Amino acid sequence: MRFVHETLPQRVRLASGEATAAVAEEVTLLGATRVMVIASEREAGLAESVTTGLPVALTYDDVVMHVPVEVADRARAAADAAEADVIVTVGGGSTTGLGKAVALTTGLPIVAVPTTYAGSEATDVWGLTEGAVKTTGVDRRVLPRAVVYDATLMTGLPVDLSVASGLNALAHCVDSLWAPRTDPINAALAAEGARALRIGLPHVVADPHSIEGREQTIHGAYLAAVAFASAGSGLHHKICHVLGGRYDLPHAQTHAAVLPHVLALNVPNAPEADARLAAAFGTPTALAGLEQLRATVGAPRALRDHGFREDQVADAVAAVLPVVPPSNPTPVTTENLTALLRAVWEGADPA
Ligand code: NAD
């Protein structure tokens, strides 16, 4: 074994029912006295309860998916005007993403309180969109100093969004196994993440108010994000990045629909990843396990249901081909990528 693995420094708390006290402790530990709270309108109620008693200087709700640059600029100006010294984000990946955009230029520390399974809180990756082009980068300033998970904040996340978001997390596990910086540490985190998500997600679907199901899913989603942050973007993320940025498709649903097709393409040349995932799922093969899970939770299948058009397939193929990671186990060609994206478009059987 020979590898270089970087572990990101961050405090992580799982405090179901106790986010308010946990966030207050984290803000105090940072010595902050002027809090900028970022939460979209939909999560305003959750944010209010979580930030009760904090020295709030500004509450900010102009959150837009994929963080357009003008949205980021307005939020940075608002942070400056309010003389904020810490950012508390309460919401999904879009909300965490706006906090990161502010931290990128101001250096303000972030305390993240996630309400989906997107996992942005555990990475030092930022994303900004200008026109139809999404740019991402890596900067240690955007890594939240602390993450406070509270399963009670997720019991209201609708089941369809929970499923799509949970499969977005599972995609972090799967892609980590062949991403450019994959290593045995990432693989261990990814396998345990996949196991926890396989148990947690059906539990969430059966009983969205179950704290146990939500906590299992949080556990899996966090491990998935840590593995992804270290391993980098594999073929799956490159495809989803192009689809999301170019055609404005919803992030989590896109990941959920693409994942089985990338897995089917790669497993014939990735026996170790196949075996690890199969063991995590408790099925003979990784694909059988993913298909079983997708059927159980009613996963999104056809991307045409979410805005992707058949006449965009060729354009998407041309945009993905130049960014295919050289580490991908199966060589990617115009032919197999076209077949893959057509199958994603129509929701065909990945096998
Ligand atoms: P999102 O944050 O846009 O949330 C999706 C929807 O769910 C929104 O309408 C939101 O208001 C709602 N919602 C969130 N939590 C809720 C709750 N508890 N109850 C009810 N409704 C709730 O979507 P997302 O999938 O979480 O995040 C997607 C964004 O995150 C994308 O821009 C993606 O690029 C980014 N992302 C970044 C990273 C990274 O490492 N930088 C990782 C993953 C995702």
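User: Is N328 buried or exposed, and how do I read such a label?

Analyst: The label rests on relative accessible area, where buried means under 20%, exposed means over 50% and partly exposed lies in between, with a 1.4 Å probe and protein chains only. N328 counts as buried, because its relative accessibility is 9%. The model is predicted, so local features need pLDDT of at least 70 and side-chain atom pairs count only at pLDDT 80 or more, while totals for chains, interfaces and linings use all residues. Residues are numbered from 1 along each chain as its sequence is written, and side-chain values use heavy atoms, with hydrogens and water left out.

User: Where does N328 lie, and which side chain does its own side chain contact?

Analyst: Helices (H or I, at least four residues) and strands (E, at least two) are DSSP runs, numbered from the N terminus. N328 sits in the loop between helix 12 (313-320) and helix 13 (334-346). Its side chain makes a polar contact with the side chain of N266 at 2.8 Å; such a contact is a pair of N or O atoms within 3.5 Å, where within protein one must be able to donate a hydrogen and the other to accept it, and residues adjacent in sequence count only if both atoms are side-chain atoms.

User: How many salt bridges does the structure hold?

Analyst: Side chains of opposite charge can pair when their charged atoms come close. A salt bridge is counted when a side-chain nitrogen of Lys or Arg is within 4 Å of a carboxyl oxygen of Asp or Glu, and the structure holds 13 of them. One of these joins the side chains of R13 and E25, at 2.9 Å from N to O. This pair links distant parts of the chain, since R13 is in strand 1 (residues 11-14) and E25 is in helix 1 (residues 19-29), twelve residues apart. E25 itself is partly exposed, with a relative accessible area of 43%.

User: What ties D124 to R140?

Analyst: D124 forms a salt bridge with R140, and their closest N and O atoms are 3.7 Å apart. Because D124 lies in the loop between strand 5 (110-114) and strand 6 (125-130), and R140 in the loop between strand 7 (133-138) and strand 8 (146-149), the pair ties together parts that are 16 residues apart in sequence. D124 is buried at 8% relative accessibility, whereas R140 is partly exposed at 39%.

User: How should I read the pair E291 and R294 in helix 11?

Analyst: E291 and R294 also form a salt bridge, with the closest N and O atoms 2.9 Å apart. The two residues are three residues apart in helix 11 (residues 286-297), and are therefore separated by about one helical turn. E291 is partly exposed, with a relative accessible area of 21%, while R294 is buried at 3% relative accessibility. Elsewhere, salt bridges that share partners join R11, R13, E25 and E26 into one network.

User: Which residues other than glycine have a positive phi, and where do they lie?

Analyst: Among them is V67, with phi near 45°, in the loop between strand 3 (56-60) and helix 3 (69-81). Another is E83, with a phi of about 55°, in the loop between helix 3 and strand 4 (86-91). V67 is buried at 4% relative accessibility, whereas E83 is exposed at 57%.
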